[in-house]
Amino acid sequence: MKKEIRIFVYSGSRNLHSTTQIIAMELVKTIAERTQARVVVDEYTGYNTHMEECIGCTQCFIRGICGMDGKDDMNEIRKKMLAADCIIMGSPVYFHAVSGNMKKLVDRLSYWTHTMELTGKLGIVIATSGGNGLNYVSEYLKKFMDYLGIINVGIIEAATYYDSYMKENQVLESIRPKLLQCAQGVNRYALEGYIPHPSELQRKVFRMYNQKYMELEAYQDDIAEVRKWFAHGYLSYQEYDDVIEKLYQN
Ligand SMILES: Cc1cc2nc3c(=O)[nH]c(=O)nc-3n(C[C@H](O)[C@H](O)[C@H](O)COP(=O)(O)O)c2cc1C
């Protein structure tokens, strides 16, 4: 029987014919072809998703619950993300930053960065633009995913304008090597049994949180993120590499 890979996609574009989403779907197709696995995809975009903005109450950090979750699709999105093996986050560049739709997702998931809640999942970043600002968006999303504990297997930056606007197939051809590289990464770690390495930033963040939560042990009953860190059992690990190794060995 074929192995199954669950992929979660969020593209922060409201365009029905979104370049970001077209690339994300081409990536899913490439992963399916390259890995020979049965791919199950949960696909969300700024167009098809109801997502409210963060209201800034900070209750998610303290109580571990977002008061907005019952009012939109975020409960479902969180469940799908937790169930996924691989997470793809794509955003168009809107003046050298992520789109408003992508920022809403980042804000609503920010408290998960305090507990590295998506530890060990594989991740790919997609940034698209007319031609500039790609690095700001891809670096930001990569950093966000690092803090979530997601292991990056690739960054895809696609410009739609060189001397003139490119057709869809020209854009896809320009990033074909990257798509293949990402699919290989997913295959390697999700199916072939290789153990991935965390980034240097993840190692630093893990040590910093281990120190912080150790000092806050007495607040486990009062603060959800302290409780969660202990529940994850992270304090019994010195290094993030050991957490990832244990996870992949199992
Ligand atoms: C509000 C807005 C701001 C944008 N800012 C930039 C920019 O700073 N640099 C750039 O090269 N393209 C910029 N673009 C172009 C988009 O990044 C580009 O068309 C992108 O591929 C659209 O992705 P989508 O089809 O998935 O929505 C901007 C587009 C919009 C609507």
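**View 1. Polar and nonpolar residues in the ligand shell.** The shell around the ligand holds 11 polar, 4 nonpolar and no charged residues. Here Ala, Val, Leu, Ile, Met, Phe, Trp, Tyr, Cys and Pro count as nonpolar, Asp, Glu, Lys and Arg as charged, and the others, Gly among them, as polar. Of the 15 residues around the ligand, Ser13, Ser18, Thr20, Val93 and Asn132 come nearest; a residue belongs here if one of its heavy atoms lies within 4 Å of the ligand. The model is predicted: local features need pLDDT of at least 70, side-chain atom pairs pLDDT 80 or more, while totals for chains, interfaces and linings use all residues. Numbering runs from 1 along each chain as its sequence is written, and side-chain values use heavy atoms, without hydrogens or water.

View 2. A side-chain N or O atom of serine 13 lies 2.6 Å from a ligand oxygen. For the side chain of threonine 128, the distance to a ligand oxygen is 3.1 Å. Phenylalanine 95 uses a backbone N or O atom, 2.9 Å from a ligand nitrogen. The ligand alone exposes 650 Å², and the protein buries 68% of that (Shrake-Rupley method, 1.4 Å probe). Helix H1 (19–35) and strand S4 (122–129) each give two or more residues to the shell; helices (H or I, at least four residues) and strands (E, at least two) are DSSP runs numbered from the N terminus.

**View 3. Helix H7 and its packing.** H7 spans residues 176–191. Its 16 residues reach 22 Å from first C-alpha to last, close to the 22 Å expected at 1.5 Å a residue (1.5 Å times one less than the number of residues). Leu179, Cys182, Ala183, Gly185, Val186 and Asn187 are buried in H7, with under 20% relative accessible area (1.4 Å probe, protein chains only). The buried residues of H7 pack against H1 and strands S1 (4–11), S3 (86–92), S4 and S5 (151–159), with heavy atoms within 4.5 Å. Just after H7, glycine 193 has a positive phi of about 85°.

Definitions and conventions: Polar contact = N/O pair within 3.5 Å; in protein donor to acceptor, adjacent residues only side chain to side chain. Buried < 20%, exposed > 50% of the residue type's maximum accessible area, 1.4 Å probe, protein only.
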